[in-house]
Amino acid sequence: MTFELEPLLIDLTVPKGCYEVTLTIKSESDTVFSVYEENIGYVAENETIKNGECRDLTFIVTTDENISVMIYCDGNITSTAIASYISA
């Protein structure tokens with residue numbers, strides 16, 4: 001799927017290590033989204049979300065300096081991310 005809008009970018013600066021990341025997406029319109037994380041690739045592809053719906057995605061990332069998440073979507077969404085340290 002090709003998205004016309006620029007992705008929503010979330011950058012988390014963290015020390016080197018392994019992290020559990022929880023990404024919460026809330027939609028303000030019916031839409032389709034994909035989530036890409038720089039270190040591991042696609043976390044979700046072409047997922048449908050309805051107006052008013054919230055979706056939590058949890059994934060593990062091992063990184064040297066930061067966690068970069070890109071959310072591709074042509075609808076109206078908001079998002080938050082939390083990274084919890086697991087190990088070095």
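A residue counts as buried when its relative accessible area is under 20%, exposed when it is over 50%, and partly exposed in between (1.4 Å probe, protein chains only). By that scale Y42, at 46%, is partly exposed, and so is Y36, at 27%. Keep in mind that this is a predicted model, where local features need pLDDT of at least 70 and side-chain atom pairs count only at pLDDT 80 or more, while totals for chains, interfaces and linings use all residues. Residues are numbered from 1 along each chain as its sequence is written, and side-chain values use heavy atoms, with hydrogens and water left out.

Now for the rings. Those of Phe, Tyr and Trp (its six-membered ring) pair if their centres lie within 6.5 Å; planes under 30 degrees apart are stacked, over 60 edge-to-face, and the rest tilted. That rule gives three aromatic pairs here. One of them joins Y19 and Y85, edge-to-face, with 5.5 Å from centre to centre and 70° between the planes. Y19 sits in strand 2 (residues 17-27) and Y85 in strand 7 (residues 77-87), so this pair ties together parts 66 residues apart in sequence. Strands are DSSP runs (E, at least two residues), numbered from the N terminus. Y19 itself is buried, at 4% relative accessible area.

Back to Y36 and Y42: their ring centres are 5.1 Å apart with the planes at 75°, so this pair is edge-to-face.

Next, look at E38. You'll find E38 in the loop between strand 3 (31-37) and strand 4 (41-49). With 45% relative accessibility, E38 is partly exposed.

Technical notes:
Helix = DSSP H or I, 4+ residues; strand = E, 2+ residues; numbered from the N terminus.
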